Amino acid sequence: MKLNSISSANVNVAGSIHFFDGVMIKLDDLVTRRESWDIDFQKSNLAQYILLSDMYKVFMTSFVQVKSEERKALKIFLTAKLIEKGANILEQTTVLTMFIRYVFNAPSKRAHVYSNVIKAAISHSIEPENLSNWIIKEGGIDEVSRRKKPPTDESISKQNRLQELKNQMQIVNAVKTC
């Protein structure tokens, strides 16, 4: 479902405006830096990684590590800002993706790639200040985004059981043809 305006969520908006203004100042600073990067450093992956790292830090400190009501208010305000910029925001769009779309002015597909990188960093316990070096070590943004998570013990067990069943079926079929 596409959101076209600020919803009437049960959020203390008046108490959240100061918090939101602080976050938006940080995000607007990142937008200005991204615009500079677009013009002057388009080919510099390192500048892109540093910008993504800084956005990751703002996301962690301004969304993940705050109170629930602040998260709700920030999502509402950020949705409104993105709609104001002409972005199509769906109800299921994550706040992480909204941060990325706001800062990088990224289309949905590119925002998804960046989001995958941040999610992978979080799952590997990579701190924002180490993100740039980690992306370089892992082969770049697209490579990190493409990579699948390591298999869990449960998924390995299921794969092994499936292979056992396939082997048993081959034996049964071989016996039937004899």
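**View 1. Helix 5 from end to end.** Helices are DSSP runs of H or I with at least four residues, strands are DSSP runs of E with at least two, and both are numbered from the N terminus. The expected span of a helix is 1.5 Å times one less than its number of residues. Helix 5 has 16 residues, and the distance from its first C-alpha to its last is 22 Å, close to the 22 Å expected at 1.5 Å a residue. This is a predicted model, in which local features need pLDDT of at least 70 and side-chain atom pairs count only at pLDDT 80 or more, while totals for chains, interfaces and linings use all residues. Residues are numbered from 1 along each chain as its sequence is written, and side-chain values use heavy atoms, with hydrogens and water left out.

**View 2. The buried residues of helix 5 and what covers them.** Buried means under 20% relative accessible area, exposed means over 50%, and partly exposed lies in between (1.4 Å probe, protein chains only). The buried residues of helix 5 are Ala-111, Val-113, Tyr-114, Ser-115, Asn-116, Val-117, Ile-118, Ala-120 and Ala-121. Their cover includes helix 2, helix 4, helix 6 and helix 7, where contact means heavy atoms within 4.5 Å.

**View 3. The largest nonpolar core.** A nonpolar core is a set of buried Ala, Val, Leu, Ile, Met, Phe, Trp, Tyr and Cys residues joined through side-chain atoms within 4.5 Å. The largest such core here has 46 residues, and those with the most contacts inside it are Leu-27, Leu-52, Met-55, Leu-78, Phe-99 and Leu-131. At least two residues of this core come from each of helix 1 (13-40), helix 2 (45-64), helix 3 (68-84), helix 4 (95-104), helix 5 (108-123), helix 6 (131-138) and helix 7 (141-146). Helix 2 gives the most, with nine residues. In soluble globular proteins, nonpolar side chains tend to be buried together. For Met-55, leaving aside neighbours within four places in sequence, the residues in contact are Leu-30, Leu-96, Phe-99, Ile-100, Val-103 and Ile-118.

**View 4. Helix 3 against helix 4.** The two helices pack at an angle of about 40 degrees, and their axes are 10 Å apart. Axes are lines fitted to C-alpha atoms, for helices over the stretch in contact, and angles run from 0 to 180 degrees between N-to-C directions. The crossing of helix 3 and helix 4 is left-handed; that is, the near helix is turned anticlockwise from the far one by less than a right angle, whereas clockwise would be right-handed. From helix 3, Leu-74, Lys-75, Leu-78, Thr-79, Lys-81 and Leu-82 meet Val-95, Met-98, Phe-99, Arg-101 and Tyr-102 of helix 4.

View 5. A salt bridge is a side-chain nitrogen of Lys or Arg within 4 Å of a carboxyl oxygen of Asp or Glu. The whole structure has six of them. One joins Asp-142 to Arg-110, with the closest N and O atoms 3.0 Å apart. This pair links distant parts of the chain, since Asp-142 is in helix 7 and Arg-110 in helix 5, 32 residues apart. Asp-142 is partly exposed at 35% relative accessible area, and Arg-110 is also partly exposed, at 29%.

**View 6. Charged residues around Glu-143.** Glu-143 forms a salt bridge with Arg-146, the closest N and O atoms being 3.3 Å apart. Because Arg-146 and Glu-143 are three residues apart in helix 7, about one helical turn separates them. The side chain of Glu-143 also meets that of Arg-147 in a salt bridge (3.6 Å, N to O). Glu-143 is partly exposed, with a relative accessible area of 28%; Arg-147 is partly exposed at 39%, and Arg-146 is exposed at 58%. A network of salt bridges links Lys-137, Glu-138, Glu-143, Arg-146 and Arg-147.

**View 7. Arg-34 and Asn-105.** Arg-34 is in helix 1 and is buried, with a relative accessible area of 6%. Apart from neighbours within four places in sequence, Arg-34 is in contact with Leu-51, Val-103, Phe-104 and Asn-105. Asn-105 lies in the loop between helix 4 and helix 5 and is exposed, at 51%. Although not a glycine, Asn-105 has a positive phi of about 50 degrees.

View 8. Ser-125 is in the loop between helix 5 and helix 6. Its phi is positive, near 55 degrees, in a residue other than glycine. Ser-125 counts as exposed, at 58% relative accessibility.
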